[in-house]
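Here is a short briefing on how the parts of one structure meet. Keep the view open while you read.

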There are 2 protein chains.
Amino acid sequence: MRQYFPILDWGRGYDRATLSNDLIAALIVTIMLIPQSLAYALLAGLPPEAGIYASIAPILLYAVFGTSRSLAVGPVAVVSLLTASAVGQVAQQGTAGYAVAALTLAFLSGGFLILMGVLRLGFLANFLSHPVIAGFITASGVLIAVSQLKHILGVEAGGHNLPQMLGLVIAHLDQVNLPTLVIGGAATGFLFWARRRLRSTLARLGVPPLLADILTKAGPVAAVVVSTLAVWALDLQARGVRIVGDVPQGLPPLTLPGLSPDLWRALLLPAILISVIGFVESVSVAQTLAAKRRQRIDPDQELIGLGAANLGAALTGGYPVTGGFARSVVNFDAGAETPAAGAFTAIGLAVAAIALTPLVYYLPNATLAATIIVAVLSLVDLSILQKTWRYSRADFTAVAATILLTLGLGVEIGVASGVGISVLLHLYKTSRPHVAEVGLVPGTQHFRNIDRHDVQTDGTLLTLRVDESLYFVNARFLEDLIQKRVTEGCAIRNVVLMFSAVNEVDFSALESLEAINHRLRDMGVGLHLSEVKGPVMDKLRRSHLIDGLNGHVYLSQYDAWHALAHPSQVRAV
Amino acid sequence: MRQYFPILDWGRGYDRATLSNDLIAALIVTIMLIPQSLAYALLAGLPPEAGIYASIAPILLYAVFGTSRSLAVGPVAVVSLLTASAVGQVAQQGTAGYAVAALTLAFLSGGFLILMGVLRLGFLANFLSHPVIAGFITASGVLIAVSQLKHILGVEAGGHNLPQMLGLVIAHLDQVNLPTLVIGGAATGFLFWARRRLRSTLARLGVPPLLADILTKAGPVAAVVVSTLAVWALDLQARGVRIVGDVPQGLPPLTLPGLSPDLWRALLLPAILISVIGFVESVSVAQTLAAKRRQRIDPDQELIGLGAANLGAALTGGYPVTGGFARSVVNFDAGAETPAAGAFTAIGLAVAAIALTPLVYYLPNATLAATIIVAVLSLVDLSILQKTWRYSRADFTAVAATILLTLGLGVEIGVASGVGISVLLHLYKTSRPHVAEVGLVPGTQHFRNIDRHDVQTDGTLLTLRVDESLYFVNARFLEDLIQKRVTEGCAIRNVVLMFSAVNEVDFSALESLEAINHRLRDMGVGLHLSEVKGPVMDKLRRSHLIDGLNGHVYLSQYDAWHALAHPSQVRAV
């Protein structure tokens, strides 16, 4: 029971001290989430209340099924962008169909996550390599920031990739709305300053640390309040400033996702993509935070927790959600000890949905855009390019390709290509394995690369150490290599393949080894194996290779040398 | 020059003896190819002359650019089936658009092959594993044979996968044309018998071996002649027997592929697929035959040879071609020594195109279908299922999935899924690598798995031998494993990772190792590496891992043991 309902675990030891810590954390996170939820709904192309709704039921459901003590679930920037991109392909923004498609996306995503969790397939998320994730998040941050420029400038624009977005913004530069630009510019500037300097300024003024912290987190709220008052007082709406307008007042409604097979077919792939990206982002955050307190999370149960949260979003007027980085860190730093902090946050947001929505009528979209821009620019980290360049060209290629393709062709193609490229690069690397000719280190039983060490060799004996598992991608490479080496070295009477680093021989490689064996036999050359690992030998015994081998299998390379080298011909190199 | 025009190589030493051998081989192959070319054109859904045309210019071009001495290029069964499947999606069979689409397919395929050859990307063909190829060829053989049933029965049917084809044939069983069935059944029976018994029967009758061989190869010609005469004499055409009809008389026409971007877009992926499959089939045949005579072929130049052949087919009224298995073996067995044999075959077919086409007016389609059925059933080899089952479940899964998906969903999805599945299975296998805890074999410097051998261990020292390269797919696995092992074993003060089988550490794995290092340091446990290979160490030195390592890198595992194990606590297990 406890495995599937982690709430039974932490719920038993819940006491007054924990309650007080959780309540403080919930207060801080709620203040941060109100403008953020409205803003991310704007990013996803949905009405502002969808962001609030997506922060209530999902948090409660994750509190029941999730395993992280600190993760804060709700709308996040990257998933909002992915939602806009996926839903924009099946419905027009602003229509009822758009909102239904967003619910359906959350529903499919939740179903897929739960299915993965029940099948315990959490490890599949590992197919997204660190460089691909880093490149994707960085490029998404840039895309999101640029996508908000239109709100700051007060122009109509759109697009799903950087050239489109910039092109449309530039094409509309003549229509810039000055009051909007003033509000947007001021809000962006203030939020940047608040993020960097407000806490230290307040500390210098003698404000106690906890209060300074809450005030800093309230920066976006301040921007919201001031800009809303400005619009109301100066009637800027009449001068072309776009505002949030009417937001329904009340608790999240009960909603149903669309059930048309066509809609499902169109949204299935995006839902899988959103699930995987959201899961990877969420698990990384949860693992990092858990490790700091020596706690553990269970990735497969996390799938179920996030899946339940998304189903909750689908049934209560929301859209796809996941564990967010910024909010989870704030939650953790503010001292949240259990998922109850999340439940209190949900209550805070529910109160906001009931009581505060009329107050945001005059809130300008430009302020929300400023909130988003300041939040996502922390995602942009180009140092990954420099780090991977120094470490390995293959990893650099994967990062650079992911960034360029995401910026140039959009998020979905970008991340899919990133995964494809990293798999292809891995296959390419293993397709031309390092194969060293080895000789005996004098006075020992060790064999090393003849190009790197002073070793003894014997002209009639060719010993090759294969530094890679043998499988279909490199099977023919070894065939060609041995053919070439043996035809070049006329004196060779025996070939030993040293298998110390061969962790697998698949059926294609087995057929190649059989072909090598036949060809060498035709040429009167023996083929031997040495240092074959247990699991590999178990498999080879089930084939005809060992029976038909034109030579022997030696336990150690030294045994092979002892049996096959002609001492009179041994020479020190 | 010679690298790109292999003809310069063999052309210089050409003499009368070679000429005579090549002429005999050409005669035998020509006799075999005339009915086969007509039949494969039928399979591809094209008029019969397309098969003849596709056998003339392509052979000549391959003779100039190809590196195999024995390969016979032209229409082959699997590529004809793929052509029918691809072209059938953009045009209606029998229309002018259909023939143009087939030309375009050959053109794109030729361009792609030449591009691959110039970029020297022949190794990419290795991504098709042996089991996937074997499964695909077997399933294609079944599909092709079933697709010809309609011609044997004289009914209208179609379909691109086994359930469709069988369903349509069964639905039309009431319309079976009896004379067609008699011709088709008799031809199939005769051809099976000729293939199996004719040579030995003729030998028993005292016919000289070479003549017996030619007569056996002429079996299909005999079936063609007899059935054509039967249709003509009995006026079976009037009784519903479908015949070849008018075939234009003359040399191949000059043709142009379609140039519409839409057509190119629709045919590009199928063209790539056909190129890769054709290339793999052709290179396997060429390599097998070359090895028998101690010759070598150059896979990258083969790409150029096959590409030129396909461009030739596109410009002379043909359709995609490749090196065929059956015809190449016949060519080789008949004594062909140089590509000149192919050129003579082309001349033979040109003569047929000029002189013999009126003679096939009354040739029934049922006879051609019988030719195809008998030819392709030799492709069907289900023993690969049994062989891979015995050797490895993963390889068996790849074969079985390829066969089932090809039969059930058609050739294109089948082979694409086969490739995808074998890559995924490889990634899955490496995602959960074998990690052995090792101890010292008493009296030696060797370390072996504590579960398989009697070894010495030390409770404060955990030594893990990782039997796989570390990369993104398994990076987190190692992180979790070490976390689990160390939290379970409270006495552990040092962890040694023995890297003797780690051939690569990518950036994701580097970050995981850094995370492991940080976590172990927080727990007061040292992290050490041993037996790190040169290339891996070179890369790790470019990162911060080695500087920040909470321990040492030891050259050998014995050095690590010597430095870290506490002799007083050593116990024999």
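Buried area is the accessible area (1.4 Å probe) that two parts lose on being put together, summed over both. Between chain B and chain A, that area is about 5,600 Å². This is a predicted model: local features need pLDDT of at least 70, side-chain atom pairs count only at pLDDT 80 or more, and totals for chains, interfaces and linings use all residues. Side-chain values use heavy atoms, leaving out hydrogens and water, residues are numbered from 1 along each chain as its sequence is written, and chains are lettered from A and ligands numbered from 1 in the order in which they are written.

**Where chain B meets chain A**

- The contact (heavy atoms within 4.5 Å) takes 63 residues from chain B and 63 residues from chain A.
- Carbon and sulfur atoms give 54% of the buried area.
- In chain B, Tyr391(B), Phe472(B) and Phe507(B) lose the most area to chain A. Together they make up 15% of what that side buries.
- Side chains of opposite charge can pair when their charged atoms come close.
- A salt bridge is a side-chain nitrogen of Lys or Arg within 4 Å of a carboxyl oxygen of Asp or Glu. Five salt bridges cross this interface.
- Lys429(B) and Glu504(A) form a salt bridge through their side chains, at 2.6 Å from N to O.
- Which helix gives the largest share of the chain B side? α20(B) does, with eight residues.
- By class, the chain B side has 21 nonpolar, 21 polar and 21 charged residues. Ala, Val, Leu, Ile, Met, Phe, Trp, Tyr, Cys and Pro count as nonpolar, Asp, Glu, Lys and Arg as charged, and the others, Gly among them, as polar.

**Domains within chain A**

- Chain A is assigned domain 1 (17-396), domain 2 (397-431) and domain 3 (435-572). The bounds come from an automatic or database domain assignment.
- The centres of domain 1 and domain 2 of chain A, taken over C-alpha atoms, are 25 Å apart.
- Their contact takes 32 residues from domain 1 and 19 residues from domain 2.
- These two domains bury about 1,900 Å² between them, and carbon and sulfur atoms give 73% of it.
- Val132(A), Phe136(A) and Ala394(A) supply 25% of the area that domain 1 buries here, more than any other three residues.
- α7(A) gives the largest share of the domain 1 side, nine residues.
- That side has 21 nonpolar, nine polar and two charged residues.

**Other features**

- The structure holds 21 salt bridges over all chains.
- One of the salt bridges joins the side chains of Glu156(A) and Arg242(A), at 2.8 Å from N to O. The two residues lie 86 residues apart, in distant parts of the chain.
- An unreviewed UniProt entry places the feature "domain: STAS" at residues 451-564 of chain A. UniProt positions are given in the numbering used here, feature names are shortened, and annotations may be inferred rather than shown by experiment.
- Over residues 451-564, chain A is 46% helix and 18% strand. Helices (H or I, at least four residues) and strands (E, at least two) are DSSP runs, numbered from the N terminus.
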